[in-house]
Amino acid sequence: MTKDLDIIDRQLELGDVKVISRDGGRIVKFIELLFSPTTKAQFAPSNNNTSIRLSVKDVDLTLPQLECDMSKSTLRDLIIGLKSIYNQIEDEDEKEGD
């Protein structure tokens with residue numbers, strides 16, 4: 001029998017975001033982002049849903065791991081800041097038309 005799904009061969013690529021969720025995407029278990037070929041970040045709600053856990057890992061294990069909790073208000077500020085940056089970034093195809 002041929003394997004139709006081989007997760008090991010299809011790991012995250014640079015810039016990919018992986019979201020693991022349930023209940024039709026309503027409940028997010030964790031989000032993972034590959035920042036560089038050696039560094040990934042994971043975001044997950046705390047066990048009591050009062051904060052979000054941030055873990056930055058070096059996949060080559062040459063740097064110490066960074067972990068912290070972010071409160072709801074810090075997470076909100078981060079999302080608003082990221083949204084502001086997102087809105088000010090121009091699409092590449094818009095730049096080509098200039």
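Which residues does Ile 31 touch, not counting residues up to four places away in sequence? Keep that one in mind while you set up the view.

This is a predicted model, where local features need pLDDT of at least 70, side-chain atom pairs count only at pLDDT 80 or more, and totals for chains, interfaces and linings use all residues. Residues are numbered from 1 along each chain as its sequence is written, and side-chain values use heavy atoms, with hydrogens and water left out.

**Whole chain**

Colour by accessibility and 14% of the 98 residues come up as buried. The cut-offs are under 20% relative accessible area for buried, over 50% for exposed, and partly exposed in between, with a 1.4 Å probe and protein chains only. For contacts with a separation of 6 or more, residues 24 or more positions apart account for 1%; contact means heavy atoms within 4.5 Å.

**Ile 31**

Now select Ile 31, in strand 2. Back to the opening question: Ile 31 touches Val 17, Lys 18, Val 19, Ala 41, Gln 42 and Phe 43. Ile 31 counts as partly exposed because its relative accessibility is 29%.

**Gln 42**

Step over to Gln 42, in strand 3. Is Gln 42 buried or exposed? Gln 42 is buried, because its relative accessible area is 18%. Show side chains and look for the 3.4 Å polar contact between Gln 42 and Lys 57. A polar contact is a pair of N or O atoms within 3.5 Å; within protein, one must be able to donate a hydrogen and the other to accept it, and residues adjacent in sequence count only if both atoms are side-chain atoms. Setting aside residues up to four places away in sequence, Gln 42 touches Phe 30, Ile 31, Glu 32, Arg 53, Leu 54, Ser 55 and Lys 57.

**The nonpolar core**

Next, select Ala 41, Phe 43, Ile 52, Leu 54 and Met 70, the five residues of the largest nonpolar core. Strand 3 and strand 4 each supply at least two of its residues. A nonpolar core is a set of buried Ala, Val, Leu, Ile, Met, Phe, Trp, Tyr and Cys residues joined through side-chain atoms within 4.5 Å.

**The loop between strands 3 and 4**

Go to Ser 46, in the loop between strand 3 and strand 4. Ser 46 has a relative accessible area of 11%, so it is buried. Its side chain makes a 2.8 Å polar contact with that of Asn 48. Leaving aside neighbours within four places in sequence, Ser 46 is in contact with Ser 51, Ile 52 and Arg 53.

Asn 49 sits in the loop between strand 3 and strand 4. Check its backbone: phi is positive, about 55°, although Asn 49 is not a glycine. With 62% relative accessibility, Asn 49 counts as exposed.

**The loop between strands 1 and 2**

For another positive phi in a residue other than glycine, pick Asp 23, near 55°. Asp 23 lies in the loop between strand 1 (17-22) and strand 2, and counts as partly exposed at 48%.

**The largest pocket**

Finish with a surface view. How much space lies in the largest pocket? About 360 Å³. Of the 17 residues lining this pocket, Phe 43, Pro 45, Ile 52, Leu 75 and Ile 79 are closest to its centre. On a 1 Å grid over the protein atoms alone, a pocket is an open set of points where a 1.4 Å probe fits, with protein on both sides within 12 Å along at least five of seven lines; lining residues have an atom within 4 Å of a point. Grid points are joined across faces, edges and corners, and the volume is the space filled by probe spheres set on the points. Colour the lining by element: helix 1 gives the largest share, six residues.

Definitions and conventions. Helices (H or I, at least four residues) and strands (E, at least two) are DSSP runs, numbered from the N terminus.
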